[in-house]
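Welcome! Please open the structure in your viewer, and we will walk through it stop by stop.

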Amino acid sequence: MWPLESPGSAELQEPGLPLTDDTPPGASEEPAAAETAETPDPGWCWPCRSSPCGSRVQPAKKKAPCPGLGLFYTLLSAFLFSVGSLFVKKVQDIHAVEISAFRCMVQLLVIIPCLIYRKTGFIGPKGQRIFLFLRGVLGSTAMILLYYAFQTTSLADATVISFSCPVFTSIFAWIFLKEKYSLWDALFTSFAIIGVILIVRPPFLFGSNTAGMVENYSDHLKGTLASVGHALFAAFTLIILRKMGKSVEYFLSIWYYVVIGLVECVIVLFILGEWRLPYCGLDRLFLILIGLFGLGGQVFLTKALQIEKAGPVSIMKTMDVVFAFILQIVFLNNVPTWWTVGGALCVVASSTGAAIRKWCQSSK
């Protein structure tokens, strides 16, 4: 993701510069004195005729970003991610692992010039390489699972379940980073679990009620389990990124993500024997757009986090669910069931509540 360039600091004017004596010989000193009285020293306060009071010369204030720009970036990021997910859903003749490989290749072509320009190298700090490797493995696995979920279950269901990631992040942060886990976090976790259950609709609770499902229940179950797996692996990835902090250049983190992801996809495709070029030219275009839209979503999300607090960004990020519902209805002619709507409300309430609580804690 691209770092914002901070605007340069404004130059300050020097107060109290001495006046030069440019009066020609023979000229009267009274006009000069009058001129001096009419144009006081810039370091002197004119109303009170006193020594410099600081009211005349103030440091130039840094121009604030446009209000709401960070939230607009988040909204744009959610839209790009959702459209990329729609393209994944439309490409049905290619395995999800191969789609992930194409996305890694597209992003690799973009990230290499960025690393060369930033002169960060391709290996990373010695003490952080193991974390970078884990970030690459876990992040790419989460991407593959999400794409598999998009192909096997509905777009809305997969998107909603993937939004349980913040809940798992709180649990893992409590276990591995010794962060506090309160009763509020437990409440949000229970809401997320209820939402996932409403979407999965296990037969031992709901019987054989599969009304409204376009796919058969076996594929629906595979897709929902893949979405849960994505949320788990994405949560682990966030824990590793939090562990590394700002000690690693973000471009380097993406580099590990796409390189290891590409290697992982090639190995899995070789084992499954699923590698094949798309027959349709439209599918090839979709594969390129998936990579570009995914990268664009990451760029705008990073821009949003650089100029806006994480709490509002996390709340606005739930627009992914709204876009997923809209795109599924308009382009896939698939109206979500009331079970999905109820599960979405539970999961979104869980992630939104967790974001608001973290926001309030950080603002204290």
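Is glutamate 274 buried, partly exposed or exposed? Select it in this predicted model: glutamate 274 is partly exposed, with a relative accessible area of 26%.

The structure holds three salt bridges, so let's visit the others. Select lysine 317 and aspartate 320, where the closest N and O atoms are 2.6 Å apart. Here lysine 317 counts as buried at 17% relative accessibility, and aspartate 320 is buried at 7%.

Next, pick arginine 242 and glutamate 179, a salt bridge with its closest N and O atoms 2.9 Å apart. This pair joins distant parts of the chain, 63 residues apart: arginine 242 sits in helix 9, and glutamate 179 in the loop between helix 6 and helix 7.

**Along helix 7**

Follow on to helix 7, residues 183–200, which reaches 26 Å from its first C-alpha to its last. Its buried residues include Asp185, Phe188 and Leu198. Just after helix 7, look for arginine 201, which takes a positive phi of about 55 degrees.

**A helix pair**

Finally, select residues 69–90 (helix 2) and 281–307 (helix 11), which pack at an angle of about 160 degrees with their axes 8 Å apart. That angle makes helix 2 roughly antiparallel to helix 11. Their crossing is left-handed, and the contact residues divide into 16 nonpolar, eight polar and two charged.

Terms used
Residues are numbered from 1 along each chain as its sequence is written. This is a predicted model: local features need pLDDT of at least 70, side-chain atom pairs count only at pLDDT 80 or more; totals for chains, interfaces and linings use all residues. Side-chain values use heavy atoms; hydrogens and water are left out. Axes are lines fitted to C-alpha atoms, for helices over the stretch in contact, and angles run from 0 to 180 degrees between N-to-C directions. Helices (H or I, at least four residues) and strands (E, at least two) are DSSP runs, numbered from the N terminus. Angles under 35 degrees count as roughly parallel, over 145 as roughly antiparallel, 65 to 115 as roughly perpendicular and the rest as oblique. A crossing is left-handed if the near helix is turned anticlockwise from the far one by less than a right angle, and right-handed if clockwise. Ala, Val, Leu, Ile, Met, Phe, Trp, Tyr, Cys and Pro count as nonpolar, Asp, Glu, Lys and Arg as charged, and the others, Gly among them, as polar. The expected span of a helix is 1.5 Å times one less than its number of residues. Buried means under 20% relative accessible area, exposed over 50%, partly exposed in between (1.4 Å probe, protein chains only). A salt bridge is a side-chain nitrogen of Lys or Arg within 4 Å of a carboxyl oxygen of Asp or Glu.
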